[in-house]
Amino acid sequence: MKKKLGTALDEDVITELKVLAAKEDRKLSQLIEEALRQYLKRKQGRVVKKTEGSLKTSPQVVQAVLEEEEFHAT
């Protein structure tokens, strides 16, 4: 089921999207939906869904990993 969504985007982005949609003979909404689906798919790949076991390590190693990785607590 499709549902309308209102949002504000940079005019240059909208223009580029419209040009690409015309070149590909597609609707603007199709391009935006495809881009959002790809974004969500990439983000889902970064989340651990199930842990099979544990790894024993020192707090220093954990801290080093957290410092080198982009980490967002929710």
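**Entry 1: the nonpolar patch.** The patch consists of L9, V13, L28, I32 and L36, and their accessible area together is about 370 Å². I noted how patches are made: residues with over 30% relative accessible area and no salt bridge, nonpolar side chains (Val, Leu, Ile, Met, Phe, Trp, Tyr) being joined within 5 Å and like charges within 9 Å. Areas come from the Shrake-Rupley method with a 1.4 Å probe, and for residues only the protein chains shown count as cover.

**Entry 2: what I am reading.** This is a predicted model, where local features need pLDDT of at least 70 and side-chain atom pairs pLDDT 80 or more, while totals for chains, interfaces and linings use all residues. Residues are numbered from 1 along each chain as its sequence is written, and side-chain values use heavy atoms, leaving out hydrogens and water.

**Entry 3: the fold.** I found 3 helices and 0 strands in the protein chain. Helices here are DSSP runs of H or I, at least four residues, and strands are runs of E, at least two, numbered from the N terminus. Buried residues make up 4% of the 74 residues. Buried means under 20% relative accessible area, exposed over 50%, and partly exposed in between (1.4 Å probe, protein chains only).

**Entry 4: helix 1.** I looked up the segment before helix 1 (11–23) and found L9 there. L9 is partly exposed, at 43% relative accessible area. D10 caps the N-terminal end of helix 1, with a side-chain oxygen 2.8 Å from the backbone nitrogen of D12.

**Entry 5: the loop.** D25 sits in the loop between helix 1 and helix 2. D25 has a positive phi of about 50 degrees, although it is not a glycine. Most residues other than glycine have a negative phi. D25 counts as exposed, at 71% relative accessibility.

**Entry 6: salt bridges.** I searched the whole structure and got 4 salt bridges. The rule is a side-chain nitrogen of Lys or Arg within 4 Å of a carboxyl oxygen of Asp or Glu. One of them joins R26 and E24, at 3.0 Å from N to O.

Which residues does E33 pair with? E33 meets K2, the closest N and O atoms being 2.7 Å apart. That pair links distant parts of the chain, 31 residues apart: E33 in helix 2 and K2 in the segment before helix 1. E33 also meets R37, at 2.8 Å between the closest N and O atoms. Shared partners join K2, E33 and R37 into one network.

Technical notes
Polar contact = N/O pair within 3.5 Å; in protein donor to acceptor, adjacent residues only side chain to side chain.
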